[in-house]
Amino acid sequence: MTDFSGDKISQRAVKAVVPVAGLGTRFLPATKAVPKEMLPVVDRPAIQYVLEEASGAGLSDVLLVTGSGKGAIEDHFDAAPYLESRLAADGKDALLASVREATGVADVHSVRQGVPRGLGHAVLCGREHVGDEPFAVLLGDDLIDADEDLLSRMLDVQAARGASVVALLEVPADRTHLYGVAEVEATGEADVVRITGLVEKPEPGTSPSNLAVIGRYVLQPGVFDVLARTAPGRGNEIQLTDALETLAADESIAGPVLGVVFRGRRFDTGDKLEYLKTVVTLASERDDLGPAFRTWLNDFVSQD
C-alpha cells in the first residue's frame, strides 16, 4: 500500500482539452462530411454531453483540438443569431432555450492539430492555451452518465495529491487488448490506485491487470515536456499512454500518476453497436420520450 504523505497539494484544474480531430472512420460514410462528434445521441450531439460534463465539474474553459472538416463542432457552440431570432419570432421558446444551452455551456476555444499524429500530439497542441496549470483531457467517444461524479472525484484527487489522475475501468480479460492497461498498487483511499506502469493495447495474455484507461484524464503541466520528447509508438503515433508511463516511472517530473477506478455507467459512442445501445438507453430514460419509446421497443423485440 502506498503512503500519500509525500504528495503535494496543487491548484485544482479549471481548463479542459477535448481532442476532436479524428477522422471517425468507423462511422463512414456518415462521417464523410459530418464530424463523428456531431452524431446525435437522441437530440444532442455526443460532444455536447462531454462539454456539459466538463462544465458541471467546474471546467468552464474548454479547448477543442480540431482538424480539417470539423468546423461544425465550433459552429455548434457558437451563437446562431438568425436561427435564434426565427425561433423567438415563432414563439418556440423551448427550442430556443435548447439552442442557447450549447452556446452557454462553456467558454470554448479551438486550435488546429493539423496532421493527426495521435492522442499525445493532440494534447500537446493545447500547451499554449493551458500554460503552466493542471488541466483535464476528455475524449469525445466516452460519455459518462450525467449522475456520476467521476470527473469531480478526479479533480479532487489531483488537487489534494498534486498528481496526474487517470480514469480506470475494470474490463473482462479478453478485452484488455483493446485498451491502454494500467499496472497498479493499492493506496489507502477507496478506488484510488497508484499507477506504476502502462501498456498500450497489450497482446492477449500479457496484460498487467484488468484496469483499462478510459477517456478521462487530469494532468499536471509537466506532461507537455514529456510529450514533446516522446517518440511515435504504436500505430506510429505519439501516444499519451507512453508519456504517462514515463511520468509514472519518475515521479520527480510531475508528481505521481494515480488512477480512479470508475464503477458507474459509461457509454462508448465510438463503436457502432455501442453507439446504438447508448441512443436506446438514453432515449428510454427520457421523461418525454421514454414511456412511448419503451412501449414500441417492447412490441418490436417481441415480434417473430
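Two strands pair if DSSP finds at least two bridges between them. Strands here are DSSP runs (E, at least two residues), numbered from the N terminus, as are helices (H or I, at least four). The model is predicted: local features need pLDDT of at least 70, and side-chain atom pairs count only at pLDDT 80 or more, while totals for chains, interfaces and linings use all residues. Residues are numbered from 1 along each chain as its sequence is written, and side-chain values use heavy atoms, with hydrogens and water left out.

Start with strand S11. S11 pairs with strand S6 (residues 135-138) in the antiparallel sense over four bridges. There, Ala 136 stands opposite Val 218 of S11. Strand S8 (residues 164-170) also pairs with S11 in the antiparallel sense, over five bridges. Leu 169 has Ala 212 in S11 as its bridge partner.

Now the interior. A nonpolar core is a set of buried Ala, Val, Leu, Ile, Met, Phe, Trp, Tyr and Cys residues joined through side-chain atoms within 4.5 Å. The largest has 49 residues; Val 18, Ile 47, Leu 59 and Leu 138 have the most contacts inside it. Helix H1 (residues 46-56) gives the largest share of this core, six residues. Leaving aside neighbours within four places in sequence, Val 18 is in contact (heavy atoms within 4.5 Å) with residues including Ile 47, Val 50 and Leu 138. A second, separate core of 31 residues includes Ile 195 and Phe 224.

Technical notes: Buried < 20%, exposed > 50% of the residue type's maximum accessible area, 1.4 Å probe, protein only.
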